[in-house]
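Look through the structure, then read on.

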Amino acid sequence: MTQDELKQAVAQAAAAYVAEYAPVGSVIGVGTGSTANFFIDALASLKDRFRGAVASSEATRKRLAGHGIAVLDLNDVEHIPVYVDGADEIDDGLNMIKGGGGALTREKIVAAVAATFVCIADASKQVALLGKFPLPVEVIPMARAQVARELAKLGGQPVLRDGFVSDNGNLILDVHGLTIGDPKSLEAQINQIVGVVTNGLFARRPADVLLLGAADGVRRIG
Ligand code: 5RP
């Protein structure tokens, strides 16, 4: 199976999960990226069962709207039973690195509201230790250089994502070479740096369920 076929398989499994566990009339949280795009396509056939969706990015908002799925402002939504999103890396504790698509801040906000975070990933995303994938950090533009110096003190090599501006008008530093032995602590430590909006470690709010796609099928963990 190709990587896209694996992504499609986990997206279908996530749609089945949503159909089973999200109450009729509820609002679904939707992530960003190529795996999430397959999920949006699969969700379209269920759209009459739900009130609508909250999008974690402008790209996701457009794709949902293109399928005729109502997109709601998070401020108008109190309860999201299920949030479905991809990941760049995921470990055995279901801690993740996210933000390869640059949508980490909105993804973290929607995930914080959701009762259940379902991560959809092909097997290449599963790792024993997080950190081979450079950690995205969203920064306020005027703080870019100062935040980069602070990240270097933590042992990382920050690289400005070329020509990229987030949906929030900010920049992304991709931090290479970090040793992430304790993802929860590092997530908090980086978020304490003045000028950081948030970082792509999802350890304080990890996934609850992982739908992992491999050649022999989709495995549910959690
Ligand atoms: C976007 C993300 C994505 O979930 C992550 O980058 C995985 O993307 P893909 O499904 O395209 O591999 O965090 O900010």
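Q: How much space lies in the largest pocket?
A: A pocket is an open set of points on a 1 Å grid over the protein atoms alone, with protein on both sides within 12 Å along at least five of seven lines. Its volume is the space filled by probe spheres set on the points, joined across faces, edges and corners. For the largest pocket that space is about 170 Å³.

Q: Which helix gives the most to the lining of the largest pocket?
A: The model is predicted: local features need pLDDT of at least 70, side-chain atom pairs pLDDT 80 or more, while totals for chains, interfaces and linings use all residues. Residues count from 1 along each chain as its sequence is written, and side-chain values use heavy atoms, without hydrogens or water. The lining (residues with an atom within 4 Å of a point) has 18 residues, with Thr32, Gly33, Gly86, Ala87 and Asp88 nearest the pocket centre. Three lining residues come from the top contributor, helix H2 (residues 34-43).

Q: Where does the ligand sit?
A: A molecule sits in a pocket if more than half of its atoms lie within 2 Å of the grid points. Around the ligand are 17 residues, the closest being Ser34, Thr35, Asp88, Gly99 and Lys125; near means a heavy atom within 4 Å. The ligand's place is the largest pocket.

Q: How far is an oxygen atom of the ligand from an N or O atom in the side chain of Thr35?
A: Polar contacts here are pairs of N or O atoms within 3.5 Å. A ligand oxygen lies 3.1 Å from a side-chain N or O atom of Glu107, and one lies 3.5 Å from a polar backbone atom of Gly102. For the side chain of Thr35, the distance is 2.5 Å.

Q: What is the volume of the largest cavity?
A: A cavity is a set of points where a 1.4 Å probe fits but cannot get out. The count is one cavity of 30 Å³ or more. The lining of the largest cavity includes Gly102, Glu138 and Asn168, and helix H4 (residues 104-113) gives the most, with three residues. The largest cavity has a volume of about 40 Å³.

How values were computed
Polar contact = N/O pair within 3.5 Å; in protein donor to acceptor, adjacent residues only side chain to side chain. Helix = DSSP H or I, 4+ residues; strand = E, 2+ residues; numbered from the N terminus.
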